[in-house]
Amino acid sequence: MAFDTAISVCDHGWHKQKEDFVIHEKDGGFYGVGDAFSEPHSRVRPIRLYGGKTGGEMIATTAMEVFKEANPNVSIESYVSILNRLVGDNILDQGIPLANAGLIPGTCLALAKVEGKFLHFLQFGDCLIFWRFLSGKIGYTQNPVYEYQKKTMEIRQKILSQNGNNEKEMWVEFAPILSDLRRLYTNNDDSEDNYYILNGQNTLEQHWNRSSLLVQDLKLVILCSDGYFHWEESSPEKLPGLAAKMLSDYQDQRTTLLKILNKKRMGEEYPNEASALVLKFA
């Protein structure tokens, strides 16, 4: 098999801030999805702007600029390092120290590069990658953020209930707690439930999740942000089922990424941002 086509979707749902993004650079062979986010904020803790953009939007814009017309002879790791440095510089330009991850924006990221006989992956956070081999077997990346998400969602839900399901009031109480949790667990080697994301801090290159697969063995690859699944589905026990469902929904039912997203969003009052990219091999 050889690489054939790439198809992508980026839908911002009800969000005013456009912080999800897609990398779709055919000439350079770079493909990916990102789920950027700003620092925790609320009505009493205003969101910080970077040249009129939120922190998540700043990262999304910077990422798309870095990979635009990317040189195919440059490694995926090199471009991610450049992106991380630029994000860090933008944060420092605002007079914000990088030491505290709870006060700065960041992004989860899943990237792929088609390079000769290989497809190279790079992953941070809960942007996931699923693939199906010609043999029918499937593979997937883990969600390294799951335990952290479980912890934060339990706290969030408790505070939301105490505030009569009022989201705005919930965030007044939850934002400083979330900020402290990010400080404790993000890019922190000393934390048991730590996880690693791109946010300008210098620990990135020591902890990115990378792997390579032979192109000749592949049938289909899907990269997606967490808007394509409920966080509970990405637990170690449920993740194989999620991967199988995503791959079969797309390939076996010959559907589209947008139809899969709309099905997932049924019954959701406030749909989250979502990005996905499919790589086909023929």
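I looked up D180 to begin with: at 36% relative accessibility it counts as partly exposed, where buried means under 20% relative accessible area, exposed over 50% and partly exposed in between (1.4 Å probe, protein chains only). The model is predicted, so I note that local features need pLDDT of at least 70, side-chain atom pairs count only at pLDDT 80 or more, and totals for chains, interfaces and linings use all residues. Residues are numbered from 1 along each chain as its sequence is written, and side-chain values use heavy atoms, with hydrogens and water left out.

I searched the whole structure for salt bridges (a side-chain nitrogen of Lys or Arg within 4 Å of a carboxyl oxygen of Asp or Glu) and found 9.

I checked D180 for a partner: R183 forms a salt bridge with D180, with 2.6 Å between the closest N and O atoms. Both residues lie in helix α4, 3 residues apart, about one turn of the helix. R183 is partly exposed at 38%. Helices (H or I, at least four residues) and strands (E, at least two) are DSSP runs, numbered from the N terminus.

I looked up E169 next and found its side chain in a salt bridge with that of R43 (2.9 Å, N to O). E169 lies in helix α4 (residues 167-185) and R43 in the loop between β3 (30-37) and β4 (49-50), so the pair ties together parts 126 residues apart in sequence. E169 is partly exposed at 29%, and R43 is exposed at 55%.

I then took R156 and E167, whose side chains meet in a salt bridge (2.9 Å, N to O). R156 is in helix α3 (residues 146-162) and E167 in helix α4, 11 residues apart. R156 is buried at 18%, whereas E167 is partly exposed at 32%.
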